[in-house]
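Here are my notes on the two-chain model you passed along.

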Amino acid sequence: MNNLSAQLVRPAKLSELPAILAWIAECADRQGFRTERIRQIEVAAEEALVNIMNYAYPAGDGSVEIRCTGTGPSSLILEFVDTGRPFDVLSVPDPDLAIALEDKEIGGLGVFLMKQLINHVEYRREGAANRLTFIIGETKHGAV
Amino acid sequence: MQIAFSVMNDVASVTVSGRLDALTAAEFDRQIAGFLQDGTTKMVLSCSGLEYISSAGLRSMLALAKQLKARGGRLVCAGLKGTAREVFDMSGFAAAISLFETEEEALAAFS
């Protein structure tokens, strides 16, 4: 197959979310991922994007760059780059899933889902940028 | 995201379909707040048409479950499937929100 290599830069605003997720879904579709796996990728991508949209640029506007690099059938690297304040989304602790309804706080749920759904997630601060990398295989289990 | 509402006896039935993401969850919350003004305490959320739910959507569901419980009521969910079901299961919410295959079974939980 011809591996995809594509980039998208959009304003880091919540209103951009549907279009960005649709673009990511299209990239995953082109790399041969099946529908349910594409939805899992979108759920994880939404977490990455919403964190950037809500927290990266407290002073005002900024943008987010998304890169899709195909590395084989049902094999993809997805990167989210922003030039906002330093934030390692992987440092957010997992929620306590076992506690009673009354006590449930939902902080960390999104990041937890991201880590469950994506084979390997890495964060790096590079100069003035945050780079979050998803390494994505055919199913959420196993090495890619 | 589409949402429809009906009441049978004293059980509210809310059918949600499409995508429940960070954007549409806010609209879901708004509409639910409107439905709840009549004092509803028992609710079935029918989710067979729900194709996608993210943590934002799950937060909305949990907030709704908490609200109803605080009123002495309960939220149950029917027909959740696919990735939406999988994400719900990962979140550990099944302890708080019972899942049923069909709306009939979900309604029966209240009788």
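1. Ground rules. This is a predicted model, where local features need pLDDT of at least 70 and side-chain atom pairs count only at pLDDT 80 or more, while totals for chains, interfaces and linings use all residues. Residues are numbered from 1 along each chain as its sequence is written, chains are lettered from A and ligands numbered from 1 in the order in which they are written, and side-chain values use heavy atoms, with hydrogens and water left out.

2. The interface. Chain B puts 25 residues into the contact, and chain A puts in 25 residues (contact means heavy atoms within 4.5 Å). Between them the chains bury about 2,200 Å², with 64% of that on carbon and sulfur atoms. Buried area here is the accessible area, taken with a 1.4 Å probe, that two parts lose on being put together, summed over both.

3. Two salt bridges run between chain B and chain A, where a salt bridge is a side-chain nitrogen of Lys or Arg within 4 Å of a carboxyl oxygen of Asp or Glu. A salt bridge joins A:Glu42 to B:Arg19, at 2.8 Å from N to O.

4. What chain B brings. On the side of chain B that touches chain A, the elements giving two or more residues are strand S4 (50-53), helix H2 (55-70) and helix H3 (82-90) of chain B. H2(B) supplies the largest share, eight residues. Helices (H or I, at least four residues) and strands (E, at least two) are DSSP runs, numbered from the N terminus. By type, this side of chain B has 12 nonpolar, six polar and seven charged residues. Ala, Val, Leu, Ile, Met, Phe, Trp, Tyr, Cys and Pro count as nonpolar, Asp, Glu, Lys and Arg as charged, and the others, Gly among them, as polar.

5. A closer look at H3(B). Which residues of H3(B) are buried? They are B:Thr83, B:Ala84, B:Val87, B:Phe88 and B:Met90, with buried meaning under 20% relative accessible area, exposed over 50% and partly exposed in between (1.4 Å probe, protein chains only). Looking down the axis of H3(B), these buried residues fall within an arc of 160°, so they line one face of the helix; the arc is that of the directions from the helix axis to the C-beta atoms. Their cover includes helix H2 (35-56) and helix H3 (109-117) of chain A, along with S4, H2 and strand S6 (98-100) of chain B. After H3(B) comes B:Gly92, with a positive phi near 75°.

6. Salt bridges overall. The structure has 14 salt bridges over all chains. In one of them A:Arg131 pairs with A:Glu79, the closest N and O atoms being 2.8 Å apart. A:Arg131 sits in strand S5 (residues 129-136) of chain A and A:Glu79 in strand S3 (residues 75-82) of chain A, so the pair ties together parts 52 residues apart in sequence. A:Arg131 is partly exposed at 22% relative accessibility, whereas A:Glu79 is buried at 14%.

7. B:Lys42 bridges to B:Asp10, with the closest N and O atoms 2.9 Å apart. B:Glu27 and B:Arg30 also form a salt bridge, 2.9 Å between the closest N and O atoms; both lie in helix H1 (residues 24-36) of chain B, three residues apart, about one turn of the helix. B:Glu27 is partly exposed at 29% and B:Arg30 is exposed at 55%.

8. Backbone spots to check. Most residues other than glycine have a negative phi. A:Ser74 has a positive phi of about 50°, and this residue is buried, with a relative accessible area of 10%. B:Asn9 has a positive phi near 55° but is exposed, at 75% relative accessibility.
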